[in-house]
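Hi there,

Here is the structure I promised to pass on to you. Have a look at it first, and then read my notes below.

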Amino acid sequence: MTTTPRELRIIAQAASATSGENPYTKLLYDGMSGLPVRIIPYTRHAIATQAPDVIHIHWPEFLVRWDAGRVAMIADVLKEFSLLRLAKARGARIVWTAHDLGAHDRPEAGRLYRWFLARFNRMIDLVISLSPSALESVQARFPELAKTPARVILHSHYIGYYPAAAPVAPAAPLATGRALTFMTFGQLRRYKNVDGLMRAFGERAAGERLIIAGEIRGTQAFREEIHALAETPGVELIERRIEDDAVAGLHALADVVVLPYDLGTALHSGAAILALSLNTPVVVRDTPTMRDLQAVVGLEWLGVFEGEPAAALAVAVELAAKPRAATPDLSRMDPTLLAHQTLDAYAAATNRAAV
């Protein structure tokens, strides 16, 4: 295999991030700095004019305005497919990082959405999965991808991205009477089951604390429900997008982050990896992909639960009492390492030399 005569041109979805947004993709592409690759933000104009080698898509459902009315939906679908077909005809490869099994907690577009996904899947040249179990789930959910080339490249950690929290005194032993503090962090959406967590917390009457931090996304009825549950003694609702300079400080307040998401389309949790990156243990639903993450970070850092949020809180109490090192070992999730692995995957997809 010969060396590349020029840099790879990658049109990348969500190539940047602003304060308060998940920086996963930004960290991935920033990790390619200094390598023979040019990252171009995903736009329709870029696809039409930039002659990319690779178009890297993370969330295909975000390419279409599903809640903008049927005419806009159809127009978006036709524009996207026309441009992607044109790019493929010119030699571009389409790479999909399979974060989820589909859109969750978004307006349902019925047959048009299913039509869109089926045809998008047929255009994919390479699937990147964030864990071995997730790849199995994706191939089971979309049999048409079973023979599509695939690679497993872990989700990156966030160490060093967020400004350090102001120094705080070490947490006192729970025996002194300090309230055990749970937290759930990130956008408050129905599928994340934050309402169930708040109800379960209210039934404990254990003198504990629950911090709910994030912007509410959903219907007015859901917003009112969260506001009502926030009146529960011990619950503190921080209802806003959390800016980057406040993220570490909030996590420093928590003994355990609890993420009782419903079973559904979500395969991974950036909020779980964020907590681990900030040295906070986390409890998540027991799924194959979360078991994969647990195998990376250890039982003392990630606990899993089955059933209702009450079980998640019980696991969180046990997890808080476990001895652990000051930090989890996230070396396998280093963004620069994963960026090199991703660039190697691009090279394989385009039959170019690895770099």
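This is a predicted model: local features need pLDDT of at least 70, side-chain atom pairs count only at pLDDT 80 or more; totals for chains, interfaces and linings use all residues.

Which residue does Asp125 meet in a salt bridge? The partner is Lys88, and the two side chains come to 2.8 Å, N to O. Lys88 belongs to helix H3, while Asp125 sits in the loop between helix H4 (111-123) and strand E5 (126-129), so this contact ties together parts that are 37 residues apart in sequence. Lys88 has 27% relative accessibility and therefore also counts as partly exposed.

One joins the side chains of Arg44 and Asp76 at 3.1 Å, N to O. These residues come from distant parts of the chain, 32 residues apart: Arg44 is in helix H2 (residues 44-49) and Asp76 in helix H3 (residues 70-89). Arg44 is partly exposed at 26% relative accessibility, whereas Asp76 is buried, with a relative accessible area of 1%. Both belong to a network of salt bridges that links Arg44, Arg65, Asp76 and Glu80.

The other salt bridge is between the side chains of Arg199 and Glu225, at 2.3 Å, N to O. Arg199 lies in helix H6 and Glu225 in helix H7, so the pair ties together parts 26 residues apart in sequence. Arg199 is partly exposed, with a relative accessible area of 38%.

Is strand E8 (residues 209-213) largely enclosed or largely open? Of its 5 residues, 4 are buried, so E8 is largely enclosed by the rest of the structure. Strand E7 (residues 181-185) runs parallel to E8, and 5 bridges join them. Met183, for example, has Ile211 in E8 as its bridge partner. To get from E7 to E8, the chain passes through helix H6 (residues 194-202), in a right-handed β-α-β crossover.

E8 also pairs in the parallel sense with strand E9 (residues 235-238), over 4 bridges. Here Ile212 stands opposite Leu237 in E9. Together with helix H7 (residues 220-229), E8 and E9 make a right-handed β-α-β unit.

Enjoy exploring, and write back with any questions!

Best wishes

Notes:
Residues are numbered from 1 along each chain as its sequence is written. Side-chain values use heavy atoms; hydrogens and water are left out. Buried means under 20% relative accessible area, exposed over 50%, partly exposed in between (1.4 Å probe, protein chains only). Helices (H or I, at least four residues) and strands (E, at least two) are DSSP runs, numbered from the N terminus. Two strands pair if DSSP finds at least two bridges between them. A crossover is right-handed if, with the strands pointing away from the viewer, the path from the first strand over the helix to the second runs clockwise. A salt bridge is a side-chain nitrogen of Lys or Arg within 4 Å of a carboxyl oxygen of Asp or Glu.
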